[in-house]
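Have a look at it first.

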Amino acid sequence: MLIINKEFKVIIIIIFKNAVVSDPSIKCRLFWLWLSFPFWPFVSNICSPPLFSFLLKFVDFDGVSSITVRPQAFNPLSSSGIFTSRPLSSSPSLREAPSRWGKGRGSTMATATLANVTATCLKPMKATSNGSWQGDNPLDYAVPLAIVQICLVIVVTRLLAFLLRPLRQPRVIAEIIGGILLGPSALGRSQRFLDAVFPKQSLTVLDTLANIGLIFFLFLVGLELDLRSIRRTGKRALIIAAAGISLPFVMGIGTSVALRHTVAEGVPGGPFLVFMGVALSITAFPVLARILAELKLLTTDIGRMAMSAAAVNDIAAWILLALAIAISGSGSLLVSLWVLLAGVGFVAFVAICVRPVLDWMARRSPSGEPVKETFICATLATVLAAGFVTDTIGIHALFGAFIIGIFVPKDGPFAGVLIEKIEDIISGLFLPLYFVSSGLKTNVATISGGQSWALLVLVIATACIGKIGGTILASILAKVPMREAVTLGFLMNTKGLVELIVLNIGKDRKVLNDETFAIMVLMALFTTFITTPIVMAIYKPARRTPSYKHRTILRDTESELRVLACFHGSRNIPTLINLIESARGIRRRGLTVYAMHLMELSERSSAINMAHKARRNGLPFWNRKQSADHDSADQLVVAFQTFQQLSNVSLRPMTAISDLQTIHTDILSSAEQKRAALILLPFHKMQQFDGSLDSIGHGYHLVNQRVLRSAPCSVAVLVDRGLGGAAQVVASEVCYTVAVLFFGGRDDREALALGARMAEHPGIQLVVVRFIPQAIGAMLDGNRDSVSIRMDANEIAADEAYIAEFRKKVMANNSTIKLEQTAVGLKSDVVAAIKAVGRCNLFLVGQSAPTVALTDKNDCPELGPVGNYLASSEFSATSSSVLVIKQYDPAANPVVPADDGAEIYDDPDTPRTPFVK
C-alpha cells in the first residue's frame, strides 16, 4: 500500500505479481510516482479520462498487474490536521470522480475503469425527490430521509426518557440506549431496516448534522463553565478532582494492556493507552448537575463540592483528550508536539484577540434591550470558524467551539440570549442524532464469548474502583465524613456525552476497534445508570428542623410573621410586592418574607446553568455587580431591593430549581427550615388581556395541590388579577379595599386574622361580610340551590369567640373596618351578597368554607367552594384578586420530629451576602 496523494485523498493499492518487489527499476518508478503527488489534484480535475489513463501508462509499471483506487474507511467528522500525512478520504472529489469519468452514472455503485485503474464508490444521494407521484421513493433522497431519521430518533429517545423517569435517570441514559437500540445491536440487526432508514449513503449527512449540533452543544457547555468560579474552587475540591483523575487514568492504562493482548490486538500502543485512561477518568459535568438536582443535593455542601470537582475534572479531561488526539494522528512525536503547540497558540489567540471582541459585544448589550442580531450571528460564526481552525490543527472541531464558549462573558444578558437562541434546537433535535450515530457504531453482538464478557466486567470494575476509590481516598484525606465521601465517589463516576465523544474519536482514528468500542459504551451506560439509585440508598440527609410554635397567622402573641412567597416569573412580582406591602402591618417585629423563585428543571442548558449557580439560601439572579449598575440589573433584583429599602419588610431571596413533580418538596422543606407561618403560592392561571384566566400548565396546578396536602404551616393561593396594577405601589399611595368573606370554620378565622393584620395599614379599608344561615326550614324540601351550612358545635363556638375578640381588639381601634352580617339560604343569596360588596381590590376567603359549591363546574377544588367561584369565568369581569387561605391543621399534618442521628439544618435566617457568580 502506498499513499501517493493526501490532497487527492485516495490510496493506490498496488498488487504485484510477486510477493516481494526486488527489481530496482520498479522501486525507482514507484519513488518517481510518489514524488509527483503534488500535481495529482491538478491532473485529476482537468484531464479527460483518456489523458488520465495515458499519464498512468506513462509510469510504465513492470510487474504490476493492476492499480485499484478505492475509498479508505474514513471519519466524516473531521480531518487529521495539516500536520499529519493521513489521507483525507472524505473528500467530495473521490465521491464525485466516478460520475465525472462517465461510467456507472445512475447506479447505486458507481464503477469506472480507465486502462488499468478501477474506482468503486457509493453514489451520493440527491437532496430532494420529485415526489412519490413521480415514482420517487423519498427515502432514497437525503433531505426526506434525514427528516425521517430525526423524527424517529426523537420519538424513540423521548419515549425511553418517559419510561425511565420513575427511576429518576437523566435523559442521556435514554439517548444512549435509544442509539444502541436503533443500531446493529437491536433493530439494526435487520438489514432491511438499516437499508431503508440508515443506508450507508446517508450516514455522512447524519454524521454531519450530528456533529454540527455537537459543536454548538460544546459551545453551550463552555458557556456553563465560569473560569472565575473554578479559580475559587476550594482546596478539598481540587484534591478530590486530582485524585478522581489520576487514579482511574493510571488504572485505565493498566486495563489497556490486557485489552491489547486480547480483543484490541494491532491497535497503536501509545494512543490506545491515553484514550483508555481519558475514557475512565472523565466525569460528565452536565449529567452530574442533572442528577444532583433530581436528588435535591445540588445546593447542599456535598453537591457544591461535587460540582466544583467536576468542573475541574471537565477542564482536565479536555486537555487530556487534546493530548490523545494529537498523538493518535501520527506516529511522529514531532508532529504531535506541533499539534499541541498549535493548540496552545490557538487558545492564546482567542484569549488575546477574540475575547476583547466578545467583551465589547457583551458591553453593547445592556439589560432590558434586545441583543443585536449582528452580535448573535457574529458569535455563532466565530464558533464555526474556531471549529475549523482546531480541526485544521488536528485536535477536532469541538475544541474550538468549547474554547469560544469559555471566553464568552458570563455577566449581563449576552450569554443568556445566546443560550436561548440555540439550546432548544440543538439539544432537542441535533444532539440526539449524535447518540444514534454512536449507536450505529455500537454492536453489542461483538462482545461474545467468556473472554469478552470478562473484559467488560474488568473495564467496569476498573472504572468504578479507580474513580470511586480515588475520590473516597482523597475525600478522607480532606476530612470529609465517610458517608459523604462514598457518595462523592459514586457521583464523580458519572459518565455522559463527553465519554461518547472520546470513544467516537478513538474509533474514527482506528484506536478503538468495534469490540473495544462496544465494551466502553456499555461501561459508560452502566456507571451512569447506577449513580442515582446508589446515591439515593446511601445518602439520605434529613432536612427536618426542630419543631417551632407559630405555624399559622392566627396566634396569641404579636410575634414576627414569616412568609414563604413563591412566584413563577416577573409577571407575579408587582402583585406579590403589593400584597406583602399590604400585609406588613405595624407590629414591632414586622414581617419577614422569603421570596422563592420556582424554576422548572429541564434538560435545557439554561436550567442546568441556573442550577449550577444556585445556593441553598440565594437566588441565581441576585448578583452584587449587577445590583450596583441599574443599566444591567435584572428587573427582579431592582424590584425586590427597592421594596426592601422603602419598607420595614425583611425580604430574603431563594430559589427552587427542580422537576415539577418534585418541586413541592423544595417548597415544603424550605418552609420548615425558615419556620414559615404562611406559604404563598401563585395560582396556576394567569390573567389575559380580556380578563379571563388561562392555565400556564397542569403541572403547576398539581404543585399547588401537593403543597396544600402536606404543608407544615398555613397556605394561601393567590389568584392574581393585578392587585395595585402592573407596577409596584409606593406605601404612601396604597389605597385598597379588602373584603373578608366569613362563613365560619378554621380557614375563615385564618383569613380574618390576615385581614386584621392588613387593616393596620393606613391605606387599607377592611370589609368583613359574615354569612349567617337562615332557618333550617327554609332550606328543606330538596331545594338544590339551598346553602347548607353544617358545622361542629366547637367550631361554631370558636367562631363566635374570635368574632368577639375581633370586635374588641381590632374594630375598637380602627373605625374604618366594616362588619356586615348577611342572612343567606340559597346560592343566589351568597352570589348576590358577594357582588354587593362593590369595588374591591382583594378578597380573603377560607378554603373549606362550610357551604355548597357556588358553581356547577368545580375544576379547582383546592380553592374551595367560594374561592372556586371567585376564580371562575362567572366572576372574571371584575378586577379583584383572590387570596384563598388554608389554616395549618396539626391533626392532618402532624410535625415529624427529626431522627436522632439525622443531619439537621437549623437555618431560619438567610445570610445577607448575596450570591455572586
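The protein chain comes to 32 helices and 17 strands, where helices (H or I, at least four residues) and strands (E, at least two) are DSSP runs numbered from the N terminus. This is a predicted model, so local features need pLDDT of at least 70 and side-chain atom pairs count only at pLDDT 80 or more, while totals for chains, interfaces and linings use all residues. Residues are numbered from 1 along each chain as its sequence is written, and side-chain values use heavy atoms, leaving out hydrogens and water.

If you take contacts (heavy atoms within 4.5 Å) between residues at least 6 apart in sequence, 79% join residues at least 24 apart.

Now for some individual residues:

| Residue | Relative accessible area | Class |
|---|---|---|
| Cys353 | 39% | partly exposed |
| Cys713 | 3% | buried |
| Lys507 | 17% | buried |

Lys507 sits in helix α20 (residues 497–508). Skipping neighbours within four places in sequence, Lys507 touches Lys441, Leu512, Asp514 and Phe517.

On to helix α22 (residues 531–538), where Thr531, Thr532 and Val535 are buried. Looking down the α22 axis, the buried residues fall within an arc of 90° and so line one face of the helix; that arc is taken from the directions between the helix axis and the C-beta atoms. The cover over these buried residues includes α12 (285–294), α19 (482–492) and α21 (514–529).

Finally, a helix pair. The axes of α23 (residues 573–583) and α29 (residues 746–758) come within 7 Å and cross at roughly 80°. Axes here are lines fitted to C-alpha atoms, for helices over the stretch in contact, with angles running from 0 to 180 degrees between N-to-C directions. That makes α23 and α29 roughly perpendicular to each other (65 to 115 degrees; under 35 is roughly parallel, over 145 roughly antiparallel, the rest oblique). Leu579, Ser582 and Ala583 of α23 meet Leu754, Arg757 and Met758 of α29.

Notes
Buried < 20%, exposed > 50% of the residue type's maximum accessible area, 1.4 Å probe, protein only.
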